[in-house]
There are 2 protein chains.
Amino acid sequence: MKITPISGFPEFLPAQRIVEQHFLDVIRETFELHGFPSIETRAVEPVDRLVGKGGDADKEIYGIHRLARDDDGPEDRSGELGLHFDLTVPFARYVLENAGHLSFPFRRHQIQKVWRGERPQEGRYREFTQADIDVVDVGELAPHFEAEMPLVIAEVFRKLPVGRMVIQVNNRKIPEGFYLGIGIEDVAGTLRIVDKLDKIGPAKVKAQLVEAGQTAEQADQCLALAAIRSEDLSFVDRVRALGVQHPTLDDGLDALAAVIRAGLDNAPGALVADLKIARGLDYYTGTVYETQLVGFESWGSFCSGGRYDSLASDGKTTYPGVGISIGVSRLLGLLIGKGLLTASRSTPACVLVAVNDEESRALSTRVATELRARGIPCEVAPKPAKFGKQIRYAERRGIPYVWFPGAAGDDGEGGDQVKDIRSGDQVDAAATTWEPPEQDLRPQILRVETTTDQS
Amino acid sequence: MKITPISGFPEFLPAQRIVEQHFLDVIRETFELHGFPSIETRAVEPVDRLVGKGGDADKEIYGIHRLARDDDGPEDRSGELGLHFDLTVPFARYVLENAGHLSFPFRRHQIQKVWRGERPQEGRYREFTQADIDVVDVGELAPHFEAEMPLVIAEVFRKLPVGRMVIQVNNRKIPEGFYLGIGIEDVAGTLRIVDKLDKIGPAKVKAQLVEAGQTAEQADQCLALAAIRSEDLSFVDRVRALGVQHPTLDDGLDALAAVIRAGLDNAPGALVADLKIARGLDYYTGTVYETQLVGFESWGSFCSGGRYDSLASDGKTTYPGVGISIGVSRLLGLLIGKGLLTASRSTPACVLVAVNDEESRALSTRVATELRARGIPCEVAPKPAKFGKQIRYAERRGIPYVWFPGAAGDDGEGGDQVKDIRSGDQVDAAATTWEPPEQDLRPQILRVETTTDQS
């Protein structure tokens, strides 16, 4: 019976999983430092809550059904359930369901698997992990939250071994006001065309804009706006220099300037105002975010989001929100898949405690218990084999130290000894006091350096 | 549009989720201290791999299907997929699939959601989290692993605020050898009846044994064996005193004695030899484990497992294993549901940095950045409201400290101040040096003490 992987449902080997755990730990820790509590929502939502949400036509929903349907009780008739395809739809539902128990503005982070029945390809999976932060308020949401989100993300990426990640920020009101200011009425249609800039280039975008009814001059103005990108506040003057006036444009420039200013203050070099960033502008109404991994721009955005005026609504109350989502599996799938990240060992164990003979296993176990009591992960050797064989057991897993309990040292004296199997150094040690160097305590995540786009 | 929970798919509020995170963190940390690396498997397995595995007839499998089936590509015909109902079946498959990349004996932990379409009831869910450890080897598995498993679990429960958890251990060879020794041939059938002891009592068990063809004397012997329970090694003499001889019984007693001895050495009081413990004896072949929460025995076992001679097999190679699974959701659902556990706050934030006015928000953000750089989780107040209102914002979330940036202190002087809003104490402080007391840094998990069974 040959077992083969299921396309789109990737799994990691233990050392790769250690890399993933490191990413998830850094993400969670940073989210928590910024005061975002965790929530988890169930994997399923009623299908009618999933269908038609999320905007992308290619999102494919997985329904679930019980294989043994015949004995369904009355509680099973409540409607078909499907696996969630993102964490925003479930979060919106959670807010509505629990509004009476939450304090607003409500901030949360959520790190969970999601499922999409898309055609799998490199970096696109059917099961993948996302890590989201959102802030949601009742009625109105203060604009400073739009500046806060990318600062959290910048800190996450500063702490992760991914190289330089740039957060591209725009505000939907800028193109909207600009287009209205030059007499274009079909804002959404124009945005959809301009959004293709990276794919088809300015000449084809201009042709499509003209085809859609804009004058050549309007099309040039749209392209001039989309070309503006600055790490500082100079984008404001560059937009002004295009000579377009509209109150919505003013609002957008002020709002984007506030976000970029917060970035300059708190995360210099992490944010860039990039006026071609559009995103699914059906539901985003203010700031929008995308990211680029420097040197790997062609991989696209690993983290994106924006502001919604109506994240959720129960008919009476509207909940505006702003959020960003990190595509953890996508990022890791590419970095690990391309061999750019690896772990120094395939186990958390820092020490392998050797076993002299099966009768003295209890002695080795006591050593391990002492080490663990002081936070040192370890494992007792599975067999009282020759020490060379026990050392190879550690070597194969990348465990850096082997501990020889009493009378087992090379010198035949009675005390414990510990060997760094990388250097071969072996020293006397006591399980109650010995400490490994800080960098050996946990597996290290190793980045294979490269500066070119390998995609 | 009224939103109601879906029966069997529970969700936690943020403070409850903090309790769950603490449990999951302690479990993972302890598993890692014992050298168990993490793996995660995909949520789905081919349905034909799920059906007929796992033994319990009432395990209901959820299949998944794409709502948009019409455009299925060829890669979708590869067979129906279902959500896994435990972590053992996927682990066995993972071992077979990756055997060439794993080093044996292979230890792993796995903490994931699983799904069962069972009728939901208190403590029984359709979506729930399990935390498993297993060791698997090729061909043969050394018996000391059967002693190691409960030591790991004992350490987990010692660190969790659940009160005293007792791990009940038996070895399948004891009843098997004993029954054979007194002339009972239907070992499995006898075990199934004896297993009902806690539910129907000894009189009815005896009646059923006699009905099944055993003599009254054999039935009494079975009951005498099942009544033996000891925290030390005295169970061996008590079994011997029943006067039954069989080599399989000898093997079982030796093996169980080794497990109990390791418990006495390393986790005194945590293990008990309990000869009535049976568990799904179709696949367990050696040591079996269950647990009891002292004072809440009627809630049943929150953690169980045992040894399999054939955890996985590819026809040529057999992989014996031993493992235990903690029913995290079941344990938390009951402890949180009964109000026995709560968190000291509903957010990771230890400090709320107040905002004097919207213009000086950048100042407050810089304070927060300083605090975070030293690992202190904090949040900046959402509005420059009156300080009383900002304090109430912290109070509602249980955030213990409010920070007043420069010139905001009650005394009108220029320095920063921090207020413990529980005591009202307010002191001068600098964001670059101030430290909260250790116990305030993270949310505390509070146990409401009780000694009686409230189920």
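1. A residue is called buried here if 20 or more other C-beta atoms lie within 10 Å of its own. By that criterion, buried residues make up 47% of the 455 residues in chain A. Note that the model is predicted.

2. Chain A has 14 helices and 18 strands. Its C-alpha atoms fill a box of roughly 90 × 60 × 45 Å along the principal axes. Of the contacts in chain A with a separation of 6 or more, 70% are between residues 24 or more positions apart.

3. Strand β2 (residues 62-66) of chain A and strand β2 (residues 62-66) of chain B run antiparallel and are joined by five bridges. In this pairing, I64(A) stands opposite I64(B).

4. The largest nonpolar core has 192 residues, and I153(A) and I153(B) touch the most other members. Apart from neighbours within four places in sequence, I153(B) is in contact with I167(B), C303(B) and I324(B).

5. In helix α6 (residues 187-194) of chain B, the buried residues are T190(B), L191(B), I193(B) and V194(B). They lie on the same side of α6(B) because they cover an arc of only 160 degrees around the axis. Among the elements that cover these buried residues are α5 (173-181), α7 (197-211) and α8 (216-226) of chain B.

How values were computed:
Residues are numbered from 1 along each chain as its sequence is written. Chains are lettered from A and ligands numbered from 1 in the order in which they are written. This is a predicted model: local features need pLDDT of at least 70, side-chain atom pairs count only at pLDDT 80 or more; totals for chains, interfaces and linings use all residues. A nonpolar core is a set of buried Ala, Val, Leu, Ile, Met, Phe, Trp, Tyr and Cys residues joined through C-beta atoms within 7 Å. A residue is buried if 20 or more other C-beta atoms lie within 10 Å of its own, exposed if 12 or fewer, and partly exposed in between; C-beta atoms are placed from the backbone. Two residues are in contact if their C-beta atoms, placed from the backbone, lie within 7 Å. Helices (H or I, at least four residues) and strands (E, at least two) are DSSP runs, numbered from the N terminus. The arc is that of the directions from the helix axis to the C-beta atoms. Two strands pair if DSSP finds at least two bridges between them.
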